[in-house]
Amino acid sequence: MDILLHFLSTTGFAEMTIGNFLMIVIGIFFIALAIIKDYEPLLLLPIGFGAIVGNIPSIAGMPLSVYDEGSVLSYIYFGVSKGLFPPLIFLGIGAMTDFSCMLSNPKLVLLGAAAQMGIFITLVGAMYLGFSPAEAGAIGIIGGADGPTAIFLSSKLAPHLLGAIAIAAYSYMALVPVIQPPIMKLFTSKKERLIRMKAPREVSAREKVLFPVGAFIITALIAPGSLALVGMLFLGNLLKESGVTERLAETARTSLIDSVTILLGFSVGASTQAQTFLTPDSLLIFGLGAASFCVATASGLLFAKLMNLFLKDKINPLIGAAGVSAVPDSARVVQMVARQEDPHNFLLMHAMAPNVSGVLGSAVAAGVLWSVLGL
């Protein structure tokens, strides 16, 4: 009997708390969203399973969790906690991204910049609620709807909030098709949603090669803190556009980014232990993240309407919602909403311009916040 009792005391059931059980249910919910609703399955599925793994109670003296020094999971989590995984993700994104939509109509870059207002407004709100400036900066970046950037910045400014910020960022990225359409319809009229835009001009191969080099130099000089993110982003894009490194570009946009995505999602999920994750601060972060994402979407829409006051060739303000850097989901949502009004209106390529510029905008904003708040 003593042996049986000792065995039972070493099982996870003995240390299971209501919080652990709740987080396991949330992990199962994320997996269900990924499989049933197809909401960002490449992210939500490993995050959801990681949340289940992270909330199996550890045994005293046995290093198992991401927070236990020397555990296997702690070594995987090293790539998150030290900001290693996000630049590798950006390398793959760069190798997949076609910047020609942005180069063909440079004024649409302004929409990606306008959408970053959500970051700075939320920063102010977080400070008002009692977070330190560094914590507020890490929370505000959720408004960029860019998970890797949110992880990178929070690992530098507020590592103790990394789990909550990462889960909030990826949750709102997954819910783009749910959150954005109501905001888009609220801030635009039917007449505006019916606007058709001219086909973008063809961009030369020379422009595509010169852009990543020139854009990196400019953005890195403006915000040196963004160097790792934008450097890897533009390296990946140069591998794609140069025409002489297709093998490397193919690796970056397939096997490399897939491998890192699995490790990042799983380890982020495993960091959501109830004992460290279920706190009042986490609830505030989720609320602020939602507000940040909504403000970012609205800012892009309203700035597009402002631009139309001065443009002869009007732009469809719906594409302003794609200024958040959830690539390419926000652009797809723009296309979906536009086709609900006019099945023959194709805005996807136009929406990709503010979408990819939003990626740059959030990375630069992260660099600025790190420089200002982290030093």
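In helix 6, the buried residues (under 20% relative accessible area, against over 50% for exposed and in between for partly exposed, with a 1.4 Å probe and protein chains only) are Phe 85, Pro 86, Pro 87, Ile 89, Phe 90, Leu 91, Gly 92, Ile 93, Gly 94 and Ala 95. That makes 10 of its 12 residues, so the helix is mostly covered. The model is a predicted one, with local features needing pLDDT of at least 70, side-chain atom pairs counting only at pLDDT 80 or more, and totals for chains, interfaces and linings using all residues. Residues are numbered from 1 along each chain as its sequence is written, and side-chain values use heavy atoms, leaving out hydrogens and water.

Helices here are DSSP runs (H or I, at least four residues), numbered from the N terminus. The buried part of helix 6 packs against helix 5 (72–81), helix 11 (147–157), helix 16 (227–241), helix 17 (246–270) and helix 21 (348–373), contact being heavy atoms within 4.5 Å.

As for charges, there are 10 salt bridges (a side-chain nitrogen of Lys or Arg within 4 Å of a carboxyl oxygen of Asp or Glu). One of them joins Glu 341 to Lys 190 at 2.7 Å, N to O. This pair ties helix 20 (residues 329–341) to helix 14 (residues 190–193), 151 residues apart. Glu 341 is buried at 19% relative accessibility, whereas Lys 190 is partly exposed at 47%. Both also sit in a salt-bridge network with Arg 193.

Asp 342 pairs with Arg 196, closest N and O atoms 2.8 Å apart; these two lie in separate loops, 146 residues apart.
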